[in-house]
Amino acid sequence: MTSRADDEKFMARAIEVSLRHQGQTQTNPSVGCVLVKDGKIIAEAVTAIGGRPHAERQALEIAGEAARGATAYVTLEPCSHWGKTPPCANALVEYGVARVVVAVDDPDERVSGRGYSILREAGIVVETGLLREQGKRALAGYLTRQVKKRPHVILKLAISADGMIGRQGEGQVAITGPQARHAVHELRARCDCILVGIRTAIADDPELTVRIAGLEDRSPVRIVLDRKFELPLTSKLVDSAREVPVIVAALSPSALPGILPSRGEMPGRSEGGSHDRRQQLTDAGVEILQAPTLENLLHILAERGMSELLVEGGAFAAKSFLEADLVDRIMLFESPVVVGEGGIETPLSRADIPGDYVLVSETAYGPDRCFDYERPL
């Protein structure tokens, strides 16, 4: 018999393996599978890039005949529906696995308990819920899209020692150091899309791409909240829209809290001018997406298979998502840098974190520290 401590050790390994392809498995979850026999790992695998083949099938094929009598540690309930390949639950039966230990139940109605039934009917011992919270954290994007029909939303803020996120009229201000910025680019590489408000897009002229050697092709879809189509045609976003997709999200004014008149609403700016700008953006390769509310926008993104959204730019975007109660994870990068006079105050600090969020980690990146909060799925 395997001890509880050994079970947790092997499941922790399966969760670690599952993170290798996070953000690269399209609409499928990035699942980890570890096969263990006589106390030793005989095979391990993660869902392939693109979503197939699944982790269990790969691990079984690596182990071959040695899989007979083994224990499989899997981060998500093995699938039970026929797609391009036979179900993983059936594969576990065919290879003669004796025991299956699972972290998280699959909410997909095509699976949801059916995978367990196939295994148990074949005489396989099934145990569920081991390291469930850690497993759910690793699968947060998939689970949120399945249960809430929207992407998992991560709000990232870099905050100076005096509580600022930038300086008025100066564009991008380096608040955190290179190690923290590298971590943010790694985070971008795991997300399907990244979002900023139009004021940030105009003031900072950001690229919002992944700038880590070898990971450039994992840049997320870039989204700007811009209901009056003000995104400059000369911006880096528009200039690169045909290489990395850009979406201008035009929401209803009532959908955004505390909204101020934009330049598009100032005297002298006609509806015809707004229409012309929309056409110019479209001609430049920018997609225009209209939705009545932020939540509707997120539902549209989920329908497109997007599971992780990173909200990275500006106090306005941050406030909009927080007030709409659409933030699942908050990452606060705190820096010893002092912005001083003319600073833009952060919309959120550690003292303001709502009570339903839990601090799950604190990480040092050189002189900076990241406080990572999540609320239960």
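A polar contact is a pair of N or O atoms within 3.5 Å; within protein, one must be able to donate a hydrogen and the other to accept it, and residues adjacent in sequence count only if both atoms are side-chain atoms. The model before you is predicted, so local features need pLDDT of at least 70 and side-chain atom pairs count only at pLDDT 80 or more, whereas totals for chains, interfaces and linings use all residues. Residues are numbered from 1 along each chain as its sequence is written, and side-chain values use heavy atoms, with hydrogens and water left out.

I begin with Ser219. Ser219 is found in the loop between α8 (198-204) and β9; helices (H or I, at least four residues) and strands (E, at least two) are DSSP runs, numbered from the N terminus. Is Ser219 buried or exposed? Ser219 counts as buried because its relative accessibility is 16%, the terms being buried for under 20% relative accessible area, exposed for over 50% and partly exposed in between (1.4 Å probe, protein chains only). A polar atom of the Ser219 side chain lies 2.8 Å from the backbone nitrogen of Val210. The backbone oxygen of Glu216 lies 3.1 Å from a polar atom of that side chain.

Next, Arg222. Arg222 lies in strand β9, residues 221-225. The side chains of Arg222 and Ser240 are joined by a polar contact of 2.9 Å.

I turn to the aromatic rings. How many aromatic pairs does the structure hold? There are 2 aromatic pairs; rings of Phe, Tyr and Trp (its six-membered ring) pair if their centres lie within 6.5 Å, and planes under 30 degrees apart count as stacked, over 60 as edge-to-face and the rest as tilted. Phe10 and Tyr73 form a tilted pair, 5.4 Å centre to centre with 45° between the planes. Phe10 lies in helix α1 (residues 4-18) and Tyr73 in strand β3 (residues 71-76), so this pair ties together parts 63 residues apart in sequence. Both Phe10 and Tyr73 are buried. The rings of Phe333 and Tyr365 have centres 5.9 Å apart and planes at 35°, so that pair is tilted. Phe333 is buried, with a relative accessible area of 2%, whereas Tyr365 is partly exposed, at 23%.
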